Amino acid sequence: MSVVVRVAEITEETPSIRTLRLVRLDGNSFTPGVYKAGAHVDVTGPTGIVRQYSLCSPPGDPSSLLIAVKREPESRGGSVALHQLTVGDHLKLSKPRNLLQLAEDGDRHVLVAGGIGITPLLSMAYELYSWGAEFELHYFARSRDEAAFVDLLENRVEFPDRVHWHFGVAPADLPAVLQGLGAALTSDGHVYTCGPAPFMAQVTTALAPVVGEEHVHVEHFVPVEVDTRGDEPFTVELDTGESFEVPADRSILSVLEENGIEVFKSCEEGICGSCVSGVLQGTPDHRDNCLSAADKAAGKEMALCVSRALTDRLVIELY
Ligand code: FES
């Protein structure tokens, strides 16, 4: 399911990051509760290229949706095309998906953003404020000029005493700074992080010993590199009873498609979550970057585009 929206406002946050405020074509609000904090959408731009962007407006305000787009130097036309849009242009959005979710039971929430990774954490900060929850947002960027949402974070009532800026932290100092963020946390706390993969790995290293690995929630927007050497074939069975052999060098997704079975998909690289489906029997071999550590450990869902099986047979349920 997708919807066409209109660009209602563009803000140049930094020389390489702009925000797009998106509204419905009919002028009405989106359905209240259209997405949960931390959700993202597939955005189809004018070139037809699909990219994933987090929604960063307050989840409780359905009047518009906000996305922030960083112009990537190696862009194949996705982010560059969105940087050429003007007010009034149209985009296609998928239904929002939530791979990064707030834990409702946490006694304290620490949000740790690296660069453009601020985007999902911004909607989470709005939501935590609406809950009256204890939270703090730590924003790491090379400099103030390269940070998005500076005015908003300094001036919105939800944020000023909860936002902590970390500009130009030297790589050698980063581990100690991150460990310092754990001072107010207990094992009942939760950490959420989004940013470059090495940054998130350092956040996990610093704070998982305090809150536990399953309380560190990570949002990846980079493809996984899958080593397929040594892979074995296995059988995948649908809840309808149809079953297929998945060869060592093929994905479940490609085998299903070849057999005329439609599966939601977008990135085909284990990052967007479009193809995540239920696992009813068997043990998945998770190779994606979209499910959380807790979801992977539970083994109830898997990404069909990259993940495989640790058992001879998997029974899955397409969403
Ligand atoms: S299609 Fe994006 S995670 Fe599978």
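This is a predicted model: local features need pLDDT of at least 70, side-chain atom pairs count only at pLDDT 80 or more; totals for chains, interfaces and linings use all residues.
Residues are numbered from 1 along each chain as its sequence is written. Local features need pLDDT of at least 70, side-chain atom pairs count only at pLDDT 80 or more, and totals for chains, interfaces and linings use all residues, while side-chain values use heavy atoms, with hydrogens and water left out.

Start on the surface. E104 sits in the loop between β6 (90–94) and β7 (109–114). Strands here are DSSP runs of E of at least two residues, helices are runs of H or I of at least four, and both are numbered from the N terminus. E104 is exposed, at 70% relative accessible area. Exposed means over 50%, buried under 20%, and partly exposed in between, with a 1.4 Å probe and protein chains only.

Now turn to L314. It lies in strand β18 (residues 313–317). L314 is buried, with 0% relative accessibility. F234 is 80 residues away along the chain, yet the two C-alpha atoms are 7.9 Å apart.

C290 is buried, at 1% relative accessibility. Beyond its neighbours within four places in sequence, C290 contacts L99, G270, I271, C272, G273, V276 and A303. Contact means heavy atoms within 4.5 Å. A248 is 42 residues from C290 in sequence, and their C-alpha atoms are 22 Å apart.
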